[in-house]
Amino acid sequence: MNMHSPMNNCSIRSVTAGQLAAVAQECLDQQMRFLMAWHDWEGQQCVVRYLLSQKDNPEFVLLELRGTDTIPSLAALVPLLGWYEREMQDLGGLHFTGHPEPFPLIIHEGFSIPQPPLGINGSSGHLSGLYQPPTMPEVQGDQVQDLYWGPVRADVVETGEFHYSYIGEAILHYHPRLFFKHRGMEARFAGQDAQRSVYLAERVSGVGSACHALAYCQAVENAWGIEVPPRAQLLRVILVELERLYNHFHYFGQLSKTTTLKVGAATGFLMEEKVKQLAGELTGSRYLRSLLRVGGLRRDLQAEHLAHALEPIIDEGEAYLDRLQQTATHLDRLMGTGVLSPSAAFDQGATGPVARASGLDRDLRRDHPYAAYHKLRFNVPVRQKGDAMARSDVRGEALREAIALLVQASGRLKAGPVHAEFDVPGGAQQGLGWAETPRGTLIYAVRIEDGRLQRVKIKSPSFSNWRVFPLTVHGTNMMDYAINEASFGLTIAGCDR
Amino acid sequence: MPLWTWTGLKAGKAATRWPQSGPDGQEGVLGMPRLDIAACRSGCDLCVESCPTQAIHQVDGEPVIDYGRCIVCQRCVEECPEGAMQSSYDWAFGVRQRSDLIWSAALESAEAADLRKRIAASQRRSLHIRHVDAGSCNACESEISALDNPFYNLHRLGIFFTPSPRFADLLMVTGPVTAPMHDVLLATWEAMPEPRSVMATGTCAVSGAPMDEGYAGGSGLEGILPVDIWLPGCPPNPAALIHALLLLVERMPQKVTGGQYAQ
Ligand code: SF4
Ligand code: SF4
């Protein structure tokens, strides 16, 4: 607790700009891990917050730096913070001194905005400009070729521009330029009624709608001290595990597509479709939207017989994963492809299945339980090798665990209310909400005043994993690129926001 | 590889024949709310208040809905005390005229009435689609990709996705059109041979809602490209997409006129 509105589940430590680097080092020495950093303008005061997780302790640590918008960069010490700092520079109008990559990130070269939209004076005006090529390291050599691919690529995919410098098949340097899709989501929440903004969270990353809604609702519930009734907690688990299930089937469809295993791809996509149809029947929405609200669920769901409805999916899914495991031509392409070392995964902020495939044993559902996860049994698969094969193995096991969780959770449902009654408190509060999405750690931090949102920060898993992914591309070959990308299972909307 | 061949044969049978016959796959999936104007209590504006995207306005004491702004959140249904806003399974909302997405008690336009009568005029024309993501949340892409899964199997209808705009007849746009995507989108359209069509796919692309306003939003395709089909939905489900595609090639009739859904 401190004199400002406290944030639950966190021990807060105030630091000055001068102490920052030493405190960060101290935290690293205690095996803490930085999760994200964000800024806020509380009136005229700039506040920068760094969120960390501790080893074997569900309580988070929050470093708070108040009263200055010029801050020493921690990116050299904690590389994963590099993107967060650049984001604060682009959107918040802050300055990070000594940043190793001080280039624009969110606002592209050639584009500008009248004032920083998350700056001291709030948002006004519109982003505008003309395309300019991104800032890139110079790669020189006789046979070096440069390829810009995108922003409109082949197939039905999200927008992004990828730059490759290569010789023959070998990629020397790879740079993804993202944020074409930046919609200014965080600023959209500002000034809105905190109870009624779930619909925005649901539209940050469509294939993560349920997890985003959940993390957002939990952040507000955390701020307001709302206890969600048990039935709603179990139903929430069911919704997000259904989301995990269709995402993981999609993942195997996409991965098989890149190894040219056509039937494997079709089967994965068909399984995905079956889960979405089941979701549509159960909830009215294939993307599990319009169900969550602050305090619980908007309406009850008859999920008692879910295990029965899932039976064909369980059998076919099991057979599908087994078949992939027996297909040497598929596995050969995954083995040794796109290796991410445990230290790079840790330093650069890898999350979810990508991190667990590189030996980082972390899962918010187990380490910082929310909803009804503390009542349920599940395993967290981990692998050491960090290649596409390890990432695929982790997803495969996670898919089976999702099914087990769905069966368990639906079997434990008991009649009861699905939302809590509460009064919206006046005054100022802060809250933190999180969810382990199919792609990893998702966090919402909210600051509310008299029921209205003042600041919402969204840390999405793909923002983390897009930063990590290029490390596994440098020095590999063009032929494996698509397989490697599919093995990461990234989305762009969540990253760009 | 007999293992996969066998699997492939099984998956092949998964395809629906919809819209000729068979399931559309959208059992239970909610669509746009229906307005039962007879039940509406004059002077009440709870639905207007409830809508997060300003899809509902009041004109002369009665609600007017712009389905081009509807994200299917069902909040108006929950908050209408008279049950005048009713949840429905009306999701096949593709229309040729933007104005047909606006609810009005007046009778339907002549063109739509004509279209409604004309079914399966031609089964021959195939269609090649180039998709551009102009700032979506990715749920629209997820549904468009689903068209190629074995259940919907879009190829059976002679409709294909093509990587090159030069071979495309239809530009399918998702997202509100963010600033960096504006010129890219126009360049893709320019690269397409004539005649070319455009489909505004999803509520974002139709009106920008709920991603209009703000410093980095967009207001959809209006005033940017000549749109042939407007398809709201957040996201439009695969069957709604198929309906809209077949509407474009005049193989299925339009269902919605003046914001009202034909039975
Ligand atoms: S369902 Fe549509 S019209 Fe009704 S409140 Fe939601 S967005 Fe508005
Ligand atoms: S219309 Fe809805 S689903 Fe489609 S991109 Fe926009 S917010 Fe996402």
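**Reading the interface and the sites**

Analyst: Begin with the two chains together: between chain B and chain A an area of about 5,000 Å² is buried, and carbon and sulfur atoms give 60% of that area. The model is a predicted one. The size of an interface is often given as the accessible area lost when the parts come together.

User: How many residues of chain B are in contact with chain A?

Analyst: On the chain B side 63 residues take part, and they are in contact with 62 residues of chain A. The rule also finds 30 residue pairs in polar contact across this interface. Several elements of chain B give two or more residues to the side that touches chain A, among them helix H1 (2-12), helix H3 (75-79) and strand S5 (127-133). H5(B) gives the most, with 7 residues. By class, the side of chain B that touches chain A has 32 nonpolar, 19 polar and 12 charged residues.

User: What is the count of salt bridges between chain B and chain A?

Analyst: The count there is 4. For one salt bridge, look at B:Glu79 and A:Arg196, whose closest N and O atoms are 2.8 Å apart. Over all chains, the count comes to 48 salt bridges. One within chain A joins A:Arg497 and A:Glu87, with 2.6 Å between the closest N and O atoms. A:Arg497 lies in the segment after helix H16 (493-496) of chain A and A:Glu87 in helix H2 (residues 81-92) of chain A, so this pair ties together parts that are 410 residues apart in sequence.

User: Why is the site of ligand 2 described as shared between chains?

Analyst: To read a site, list the residues around the ligand and check their chain letters. Ligand 2 is surrounded by residues from chains A and B, and therefore the site is shared between chains. Chain A is represented by A:Arg203 and A:Arg289, while the residues from chain B include B:Cys137, B:Cys140, B:Cys204 and B:Cys234. Two helices of chain B, H5 (139-146) and H7 (203-207), each supply at least two residues of this shell. The shell around ligand 2 divides into 6 nonpolar, 4 polar and 2 charged residues.

User: Which residues are around ligand 1?

Analyst: Among them are B:Cys51, B:Cys70, B:Cys73 and B:Cys76, along with B:Pro33, B:Ile56 and B:Gln74. The shell around ligand 1 has 9 nonpolar residues, 2 polar ones and no charged ones.

User: How should I read a pair of aromatic rings?

Analyst: A pair of aromatic rings is described by the distance of the centres and the angle of the planes. Over all chains, the structure holds 30 aromatic pairs. In the pair of A:Tyr164 and A:Tyr174 the ring centres are 5.3 Å apart and the planes are at 45°, so the pair is tilted. A:Tyr164 is in strand S10 (residues 161-167) of chain A and A:Tyr174 in strand S11 (residues 170-177) of chain A, 10 residues apart.

User: What should I look for in the backbone?

Analyst: Most residues other than glycine have a negative phi, and most peptide bonds are trans. Here the peptide bond from B:Trp18 to B:Pro19 is cis, with omega near 10°. B:Pro19 is in the loop between H1 and strand S1 (34-35) of chain B. The peptide bond from B:Ala209 to B:Pro210 is also cis, with omega near -5°; B:Pro210 sits in the loop between H7 and strand S9 (229-231) of chain B. As for phi, A:Ala371 has a positive value, near 45°, and belongs to the loop between helix H12 (364-367) and helix H13 (388-411) of chain A.

User: Where is A:Thr68 found?

Analyst: A:Thr68 is in the loop between strand S4 (57-66) and strand S5 (70-72) of chain A. A polar atom of the A:Thr68 side chain lies 3.0 Å from the backbone oxygen of A:Thr70. Leaving aside neighbours within four places in sequence, A:Thr68 is in contact with A:Ala17 and A:Cys46.

Conventions: Residues numbered from 1 in each chain as written. Chains lettered and ligands numbered in written order. Predicted model: local features only at pLDDT ≥ 70, side-chain atom pairs only at ≥ 80, totals over all residues. Heavy atoms only, no water. Near = heavy atom within 4 Å. Helix = DSSP H or I, 4+ residues; strand = E, 2+ residues; numbered from the N terminus. Nonpolar A, V, L, I, M, F, W, Y, C, P; charged D, E, K, R; others polar. Contact = heavy atoms within 4.5 Å. Buried area = accessible area lost by both parts, 1.4 Å probe. Salt bridge = Lys/Arg side-chain N within 4 Å of Asp/Glu carboxyl O. Polar contact = N/O pair within 3.5 Å; in protein donor to acceptor, adjacent residues only side chain to side chain. Phe/Tyr/Trp six-rings, centres within 6.5 Å; stacked < 30°, edge-to-face > 60°.
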